Structures are given as structure tokens and as C-alpha cells.
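Subject: Handover of a structure and its findings

Dear colleague,

Please find below the structure for your attention. My notes on it follow directly after.

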Amino acid sequence: MAEHAFLAPSSAHRWVRCALSASLEAAYPETEASPASMEGTAAHWVVQECLYRRPPEIGMQAPNGVAVDAQMLEAAEIVSDDIRAALGPNWAQMLVVEQRVVIPRIHAQNWGTPDYRAWSRLGDGRLMLHAWDFKYGKGIVEVFENWQLIDYVAGCLGEAKIDGFGEQNTVVDMRLIQPRAFHRDGVVRSWKVLASDLRAQWNRLEMAADDATSAQPTCSPDPVACKHCRARHACEGLQRAAYSAADKGSQRGALDLPPHALGLELRTLKRDAALLDARISGLEAEADARIKAGQRVPFWTRESELGRLSWTRPAPEVLALGQMMGVDLAQPVEPITPTQAKTKLRAAKLPDTLIDAYANRPTSAAKLVPDDGIKARLTFASSVA
Ligand code: SF4
């Protein structure tokens with residue numbers, strides 16, 4: 001079995017929207033891992049080591065050479081705490097850590113590695129599948145209708161030989177842990193449904209997978225799909241969509257728009273802007289890589305920017321210099337963040353409730369956000385409690 005699936009669950013959010021993306025991305029494989037993805041790989045290793053009760057020390061190198069830092073250890077603690085809270089004292093025997101699952105229900109070329117998964121039994125006798133996805137990046141990922149988790153769940157149910165009847169009596173708790181991205185629902189977010197409630201999404205995945213593996217997959221430029229598509233610099237469909245978006249600027253429009261036209265135009269232009277951004281960032285990355293490789297790309301060049309002025313001598317030497325000159329060069333002492341403080345207290349087995357009396361989360365001014373119907377779907381989603 002190849003290292004990466006042609007239809008990887010981690011890019012299911014893309015190929016379910018644009019079937020062509022699977023083959024086009026395969027034609028442009030990642031040549032070198034970005035610093036962010038190296039950091040993510042190292043953080044996953046730290047979590048795994050902590051779950052196996054071999055916590056690495058700060059400064060130690062992960063297998064990919066990235067140094068372990070305090071943030072990675074804090075993230076591992078958040079993951080471990082959530083797993084323990086969900087599974088109870090026997091969590092270690094129940095937990096499956098980073099093991100591949102095949103997903104033939106969707107397609108023979110669809111498999112992947114869920115971060116952590118486990119089965120338990122609820123008080124009323126129903127089975128419960130717990131599926132965790134740990135994201136170390138800072139870009140917000142939603143757990144509700146998360147295609148990667150939906151795809152993994154299909155694989156886990158198949159692996160456990162749960163049939164259609166069993167799906168109606170199986171609760172699925174999909175959990176997304178994102179310690180470094182602020183989200184109003186917290187760093188751990190959960191979407192709990194009856195397994196049978198996911199059938200419509202599995203059908204969509206299955207149809208998209210058939211399309212993606214057909215002789216002529218459908219190309220559907222879409223802001224979410226194109227944003228990080230590896231082929232966005234080479235995709236004719238996105239190029240045309242971006243040109244058409246740019247062309248709209250020269251069209252005349254009504255000046256005083258009625259509410260429906262206003263909402264529609266704003267939504268369309270936002271979508272067009274996202275497609276243009278995807279195309280531009282893809283071309284930028286490609287031009288940068290070509291110039292780095294020695295090719296000439298007309299109108300563009302690479303240059304280094306000056307970084308921030310930073311000390312080249314150890315801190316005690318700098319502080320001693322300040323003392324000698326009668327100037328205090330030390331930074332004022334600052335407390336760690338309330339979230340970090342709570343993590344520390346929990347680690348020391350102390351109650352973290354006192355922190356709430358010393359900290360709050362101010363509400364920001366209300367701003368315009370797209371209404372994509374998610375709130376309504378959440379309200380009407382079936383209860384599994
Ligand atoms: S760039 Fe967009 S339209 Fe083109 S293959 Fe990728 S996801 Fe599809």
C-alpha cells in the first residue's frame with residue numbers, strides 16, 4: 001500500500017468539493033515539508049510519546065529534527081487530559097494511537113491514519129466511537145461536518161464490522177483539538193451524532209471519490225478547496241475562475257442595491273476574492289520555487305528582508321552591560337496567559353477555577369460574518385444524549 005492514499009482523508013474537504021484536485025495534486029507532490037508541517041509532525045510525535053508515558057524533554061529533537069518546546073508539551077497535556085476525561089481510568093488499554101484504517105465503504109483508494117480512536121459502551125448499552133483529530137496549526141478548523149473525521153469514522157465503523165442496523169445504535173463523538181488556534185468554543189471541540197446520521201455525508205464522499213477516480217474528474221473551483229490545493233498554480237479551472245472574477249470589476253452595477261442584491265453581491269465578491277487569493281498564492285509559491293532553482297521569472301526576483309534587531313550575546317551579559325551603563329535592560333515581569341496558568345494548575349492537580357476570578361474573555365464588537373446555514377443545521381441536528 002502506497003504511503004499516501006490517492007484519496008486521503010486529510011484532503012477530503014478538497015476532493016469532496018473538487019474531484020479534479022485528487023489527480024492534480026498527485027501530479028504536484030510536496031517537494032519539501034514547510035516549517036509549519038515539520039512543527040506539526042514533531043508535535044504529533046510529542047503527543048504520541050506522552051500517551052505512551054515517555055514524555056520528551058524541552059530541547060530534545062523529534063525524529064524529524066525539530067526541537068521539542070513547551071507549547072508542544074502543553075498541547076500534549078491538553079490531548080491527554082481530554083482522552084482521559086472521555087475514556088476514564090482504563091484509557092490506555094482502550095486507545096488506538098495513529099494506526100491506519102482503510103475506508104473501502106467510500107473507495108478502495110481511500111485510507112488514512114486517525115490520530116487517536118477508541119470504543120466504549122454508554123450507560124444505555126449503545127456503542128460509542130471516539131475519534132480525535134489533533135491539529136497543531138493556527139488556522140481554525142471546524143469539527144461540525146468535518147470531512148476528515150467523517151471519512152475516518154466510515155473506516156472505523158467498517159473495521160469494527162458495524163452494519164446498517166448497528167449504525168443506528170452507535171454514537172460517534174468526533175473531537176478536534178487545536179491548542180494554538182483561538183475558537184469561541186475552546187481548544188477542544190466535539191460533534192456528537194448517531195453514526196446513521198452521517199450516511200448523507202458518506203454518500204457525498206462516495207460520489208466524489210468515484211468522480212475523482214474517473215477518466216474525466218470534474219473541476220469545481222471553490223474557495224475552500226482551492227485555498228491550499230497544491231496544484232493551484234497549474235490549474236486551468238482556477239485560472240479561468242480567477243480571470244472571470246477579475247473581469248467582473250469592469251462591469252457596471254446598480255449603485256443602490258436592495259438587501260437581497262447587496263447580500264448576494266457581497267457573497268459573490270468574497271468568493272471571487274478567495275479564488276483570486278488562492279490563484280495568487282499558488283503562483284507566488286511557484287515563482288519563488290523556480291527562482292530559487294535558478295530559473296528566471298520575468299517581473300519577479302527574490303530578496304531578503306532585514307529581520308528584527310536581536311541580541312547576539314547571552315542574556316546575563318546584556319543585563320550586565322545595562323547595569324554598567326546605569327540603564328535597566330531587563331523586560332518587565334509578565335505573567336503567563338490564563339490558559340497556560342490553568343494548564344499548569346491542572347498539571348499540579350490544583351483547581352483552576354480561581355483563575356476565572358482573575359481573568360476574563362472580553363467580547364469583541366459584533367462584525368459581519370457569512371451565514372452559511374451551519375447554525376441552523378446545528379440547531380436541528382439530532383440529539384444523541
Ligand atoms: S486549484 Fe481548485 S479547481 Fe483546481 S484542482 Fe485544485 S481545488 Fe480544483
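What percentage of the contacts in the protein chain with a separation of 6 or more comes from residues 24 or more positions apart? The figure is 64%, where contact means heavy atoms within 4.5 Å.

Some conventions apply throughout. This is a predicted model, in which local features need pLDDT of at least 70 and side-chain atom pairs count only at pLDDT 80 or more, while totals for chains, interfaces and linings use all residues. Residues are numbered from 1 along each chain as its sequence is written, and side-chain values use heavy atoms, with hydrogens and water left out.

Overall architecture

The protein chain contains 15 helices and seven strands; these are DSSP runs numbered from the N terminus, helices being H or I with at least four residues and strands being E with at least two. Along the principal axes, the C-alpha atoms of the protein chain fill a box of roughly 75 × 65 × 50 Å. Of the 385 residues in the protein chain, 36% are buried. Here buried means under 20% relative accessible area, exposed means over 50%, and partly exposed lies in between, with a 1.4 Å probe and protein chains only.

The protein chain is divided into domain 1 (9-217) and domain 2 (223-251 + 258-292), with bounds that come from an automatic or database domain assignment. The centres of domain 1 and domain 2, taken over C-alpha atoms, are separated by 29 Å. Their contact takes 11 residues from domain 1 and nine residues from domain 2.

The ligand site

The space taken by the ligand is the largest cavity. On a 1 Å grid over the protein atoms alone, a cavity is a set of points where a 1.4 Å probe fits but cannot get out, and a molecule sits in a cavity if more than half of its atoms lie within 2 Å of its grid points.

The shell around the ligand consists of Cys18, Ser21, Leu24, Cys219, Pro221, Ala225, Cys226, Cys229, Arg232, Cys235 and Leu238; a residue is counted if one of its heavy atoms lies within 4 Å. By class, the shell residues divide into nine nonpolar, one polar and one charged. In this scheme Ala, Val, Leu, Ile, Met, Phe, Trp, Tyr, Cys and Pro count as nonpolar, Asp, Glu, Lys and Arg as charged, and the others, Gly among them, as polar. Domain 1 and domain 2 each supply at least three residues of the shell, and α2 (20-27) and α9 (223-227) each supply at least two.

In α2, the buried residues are Leu20, Ser21, Ala22 and Glu25. These buried residues pack against α1 (12-15) and α8.

Individual residues

Val16 is placed in the loop between α1 and α2 and is buried, with a relative accessible area of 9%. Leaving aside neighbours within four places in sequence, Val16 is in contact with Trp147, Arg204, Leu205 and Ala208. Although Val16 and Gln201 are 185 residues apart along the chain, their C-alpha atoms are separated by 9.7 Å.

Gln201 itself is found in helix α8 and is also buried, at a relative accessible area of 13%. Not counting residues up to four places away in sequence, Gln201 touches Glu145, Trp147, Ile150 and Trp191.

Asp222 lies in the loop between α8 (199-212) and α9. Asp222 counts as buried because its relative accessibility is 18%. Beyond residues up to four places away in sequence, Asp222 touches Arg17, Arg271 and Leu275. From Asp222 to Arg361, the distance is 34 Å between C-alpha atoms, at a sequence separation of 139 residues.

Two residues with positive phi

Arg53 has a positive phi of about 60° although it is not a glycine. Arg53 lies in the loop between α3 (35-51) and α4 (70-87) and counts as exposed, at 57% relative accessibility.

Lys161, likewise a residue other than glycine, has a positive phi near 55°. The position of Lys161 is in the loop between α6 (147-159) and α7 (164-167), and with 73% relative accessibility Lys161 counts as exposed.

Yours sincerely

Note on methods
On a 1 Å grid over the protein atoms alone, a cavity is a set of points where a 1.4 Å probe fits but cannot get out, and a pocket is an open set with protein on both sides within 12 Å along at least five of seven lines; lining residues have an atom within 4 Å of a point.
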